[in-house]
Amino acid sequence: MTSNRLLTAYTWAFLIFMFGPLLLMVISSFNNASPPSVTEWNGLTGKWYAFFWMPEEALRADSVLRAIDRDRFVSCLGNSFRVAAIVVPLSLLLGLAGAVLLTRWRSAANGVLWWVLLSPMLAPGVVLGLSALVFWGRLGVNAGLFTIIMAQTTFIAGYPMLILMARLQRQPVELEEAALDLGASPFRVFRRLTLPYLAPALISAAVIAFMASMENYNTTMFAKGGSCTLATEIGAMGRNPNGHPPVINAVGTIIIAVTVMATLAHTFLLRREGKGE
């Protein structure tokens, strides 16, 4: 009985520790106070959310919002989507190649290849960012969105590889061998058997790669040069000695809301498919 109570208390303490700050962030995003606060309430407001479409006159009339460069913020958000639009397919291609290599190619070198392909995931983001900056700088490429893409792809490709490996290890190899024995080419076997089997894992890997690209800060910070992304811009705004603007809390709340809605929609579709079966 005592052990159950301790386990319950630990579980609740863990949940509060994990989700308490998020709840405070959501509450403070509706508080008309800057810097954000939940102890000093200045009235309910939604202007931090209206920041992106607020007219210029209203924007200049607010002392807090006037200090934020909205055009730069939106530009940095667009850069994040541009980077992710390239990082995700690159990561999927590299991850798929690594997964097929490690699961289908039986060799004594597999153990070494495993650690080589996973090592970028274990390296600190600062090291990856600086490495990309130095490497491409030696080749005459200035730091910017290109170096961000290369630096992010270096370690994000490891996530799809692990997901696809787990899926490939459950696929019966006999199906591929039978198709090859019947005269199908390796490419045809991959296109007609392996790729459809990997489709759910590819979707999951793409979502994870997209999220990893959008939220990445450490690697991007050291590889960005004069460019910016949503994560680096929020980081710069958060270093304000007078406290970060509440717009950051609003952006965080929107991200949480989108994530929760996507999760609920996915769960609903899975349950409906299960009932249909």
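The following legends describe an overall view and several close-up views of one predicted model.

The model is predicted; local features are reported at pLDDT of at least 70 and side-chain atom pairs at pLDDT 80 or more, whereas totals for chains, interfaces and linings use all residues. Residues are numbered from 1 along each chain as its sequence is written, and side-chain values use heavy atoms, with hydrogens and water left out.

**Figure 1. Overall view of the helical protein.** The protein contains 13 helices and zero strands; helices (H or I, at least four residues) and strands (E, at least two) are DSSP runs numbered from the N terminus. The radius of gyration is 23 Å, while a compact globule of 277 residues would have a value near 19 Å. This radius is taken over C-alpha atoms, and the globule rule is 2.2 Å times the number of residues to the power 0.38. Along the principal axes, the C-alpha trace spans about 75 × 65 × 40 Å. Of the 277 residues, 34% are buried; buried means under 20% relative accessible area, exposed over 50%, and partly exposed in between (1.4 Å probe, protein chains only). Among contacts with a separation of 6 or more, 64% are between residues 24 or more positions apart, a contact being heavy atoms within 4.5 Å.

**Figure 2. The disulfide between Cys 76 and Cys 228.** The structure holds one disulfide, defined as a pair of cysteine sulfur atoms within 2.5 Å. Cys 76 is joined to Cys 228 with an S to S distance of 1.9 Å. The pair links distant parts of the chain, 152 residues apart: Cys 76 belongs to helix 4 (residues 70-104), and Cys 228 to the loop between helix 11 (218-223) and helix 12 (230-238). The disulfide is left-handed because the torsion about its S-S bond is about -95 degrees. Cys 76 is buried at 0% relative accessibility, and Cys 228 is buried with a relative accessible area of 5%.

Figure 3. Ser 80 is found in helix 4 and is buried at 4% relative accessibility. Leaving aside neighbours within four places in sequence, Ser 80 is in contact with Met 214, Thr 229, Leu 230 and Ala 231. Thr 232 lies in helix 12 and is buried, with a relative accessible area of 4%. With its neighbours within four places in sequence again left aside, Thr 232 contacts Tyr 217, Thr 220, Met 221 and Lys 224.

Figure 4. A nonpolar core is a set of buried Ala, Val, Leu, Ile, Met, Phe, Trp, Tyr and Cys residues joined through side-chain atoms within 4.5 Å. The largest such core has 24 residues, and those with the most contacts inside it are Leu 92, Ala 99, Ile 156, Met 161, Leu 164 and Leu 198. Helix 4, helix 7 (145-156), helix 8 (158-168) and helix 10 (186-215) are the elements that give two or more residues to this core. Not counting residues up to four places away in sequence, Ala 99 touches Met 161, Leu 164, Met 165 and Leu 168. Leu 162 is also placed in helix 8 and is partly exposed at 33% relative accessibility. Beyond its neighbours within four places in sequence, Leu 162 is in contact with Trp 114, Leu 118 and Met 121.

Figure 5. Ala 250 is in helix 13 (residues 247-276) and is buried at 1% relative accessibility. Its contacts, leaving aside neighbours within four places in sequence, are with Ser 29, Trp 48 and Tyr 49.

Figure 6. The peptide bond from Ser 34 to Pro 35 is cis, with omega near 0 degrees. Pro 35 is placed in the loop between helix 1 (2-28) and helix 2 (56-61). In general, most peptide bonds are trans.
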